[in-house]
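Me: I have a model open on my screen and would like to learn how to read its side-chain contacts. Could you take me through them?

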Amino acid sequence: FSLSLPARPVHPEAMHPGLRQESGVIYRDFSNAVRSWKGGAILRQAGMRSRFAAEAERWVQQAFSEPSPPPVPSATNESANGTALVAPTTSCVAQLYSYLMTRIDARPDSFLSLPEDALSPRGDTLGEVAGPVLLSGGDRNAAMLDQVVANHARFARAHGYAHWWHKGSLVAARGWQPYWHKVEQLRLATRRFRNASAFVWVDDDIVLTNLRDGDRFAQALRRSPASLLVTRDPSSKHAEVNTGIIILRNTKRGRAVLEALWSRADQWRADGVSLSTDGQASCLHEQQALEEMLQSGEWASEIGVLEQRAPGAWNLNTFL
């Protein structure tokens with residue numbers, strides 16, 4: 001077993017000439033690149049799995065005894081967006097995954113897809129989108145991320161959403177934690193899609209499991225008249241709300257809630273915490289800002305907190 005990896009991050013299609021199919025089509029996503037590796041066939045042969053695992057263990061241990069190359073550029077923080085630190089006791093598979101992620105950029109490039117009925121020969125197609133817009137993005141580099149984005153795209157096509165995926169952090173230039181990227185992308189969307197009915201942010205680690213039986217986001221808007229909707233966090237001892245999914249009505253009050261949330265990022269606080277730049281050990285960033293708004297008298301009626309599960313086959317942003 002041998003696998004040569006480049007010394008610097010590359011796109012999957014440039015990783016190995018064997019990634020080109022006989023038809024000449026290049027695989028352009030990480031998961032297909034891995035599946036296309038001919039050595040994977042070894043695992044399907046009787047008696048070869050244990051030999052492969054032993055050789056993989058030896059290779060990973062040798063690789064990690066050498067100086068590590070610089071990771072894929074990313075705005076780091078302690079949880080979702082940082083470069084993983086691998087302990088000596090970490091399993092072979094975990095070490096291999098971490099090692100590969102320092103060399104492969106698995107994030108899809110930024111794109112915008114519009115539903116067919118939104119296209120117009122007059123040119124101002126973004127302003128003419130009258131339906132909902134699905135948003136996601138970030139600077140997290142993870143295997144299978146392309147599949148998650150494709151899952152979101154299938155949902156958007158099935159339900160007539162415009163779909164905007166953004167690769168990278170829109171707040172990195174400010175020196176802010178990447179958690180605030182979602183708020184900035186929502187703000188930009190309200191300006192670009194002026195006539196959209198609503199905006200739905202979905203974190204890039206959320207898989208939409210029900211693509212055919214109705215639109216859960218539309219159902220959520222019918223369940224609550226609030227301007228901004230989130231779900232209750234399962235770890236209620238730390239926070240009441242979870243911002244993995246944010247549903248925003250494109251109304252004057254909805255945009256006002258969003259701007260109020262954004263303003264709290266770098267607002268002076270008596271406790272000395274910076275919600276924009278401090279690490280997760282000190283605060284919960286946009287999640288904490290939204291929860292404080294919910295507890296205030298001014299914004300409480302504009303923020304709806306839905307249960308993740310409720311009678312009648314309802315579920316939204318549930319956790320495995």
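This is a predicted model: local features need pLDDT of at least 70, side-chain atom pairs count only at pLDDT 80 or more; totals for chains, interfaces and linings use all residues.

Me: Thanks! How many salt bridges does the count come to?

Reply: Side chains of opposite charge can pair when their charged atoms come close. Here a salt bridge is a side-chain nitrogen of Lys or Arg within 4 Å of a carboxyl oxygen of Asp or Glu. By this rule there are 14 salt bridges.

Me: Which residues form a salt bridge with Lys-182?

Reply: Asp-203 is one partner, with the closest N and O atoms 3.1 Å apart. Lys-182 lies in helix α6 (residues 181-192) and Asp-203 in the loop between β4 (198-202) and α7 (216-223), so this pair ties together parts that are 21 residues apart in sequence. Glu-286 is another partner, at 3.5 Å from N to O. Glu-286 belongs to helix α9 (residues 285-295), so its pairing with Lys-182 ties together parts 104 residues apart in sequence. As for the names, helices (H or I, at least four residues) and strands (E, at least two) are DSSP runs, numbered from the N terminus.

Me: Are Lys-182 and Asp-203 buried or exposed?

Reply: Buried means under 20% relative accessible area, exposed over 50%, and partly exposed in between (1.4 Å probe, protein chains only). Both Lys-182 and Asp-203 are buried, and Glu-286 is buried too.

Me: What about Lys-167 and Asp-109?

Reply: Their side chains meet in a salt bridge at 3.5 Å, N to O. Lys-167 sits in strand β3 (residues 162-167) and Asp-109 in the loop between α3 (92-101) and β1 (111-113), 58 residues apart. Asp-109 counts as exposed because its relative accessibility is 51%. Salt bridges that share partners join Asp-105, Arg-107, Asp-109 and Lys-167 into one network.

Me: Now the rings, please. How many aromatic pairs does the structure hold?

Reply: A pair of aromatic rings is described by the distance of the centres and the angle of the planes. Rings of Phe, Tyr and Trp (its six-membered ring) pair if their centres lie within 6.5 Å; planes under 30 degrees apart count as stacked, over 60 as edge-to-face and the rest as tilted. The structure holds five such pairs. One of them, Phe-155 with Phe-217, is edge-to-face, at 5.3 Å centre to centre and 75° between the planes. Phe-155, Tyr-161 and Phe-217 form one aromatic cluster.

Me: Which residues of α7 are buried?

Reply: An α-helix has 3.6 residues a turn, so residues three or four places apart point the same way. In α7, Arg-216, Phe-217, Ala-220 and Leu-221 are buried. They cover an arc of only 145° around the axis (taken from the directions from the helix axis to the C-beta atoms), which puts them on the same side of α7.

Methods. Residues are numbered from 1 along each chain as its sequence is written. Side-chain values use heavy atoms; hydrogens and water are left out.
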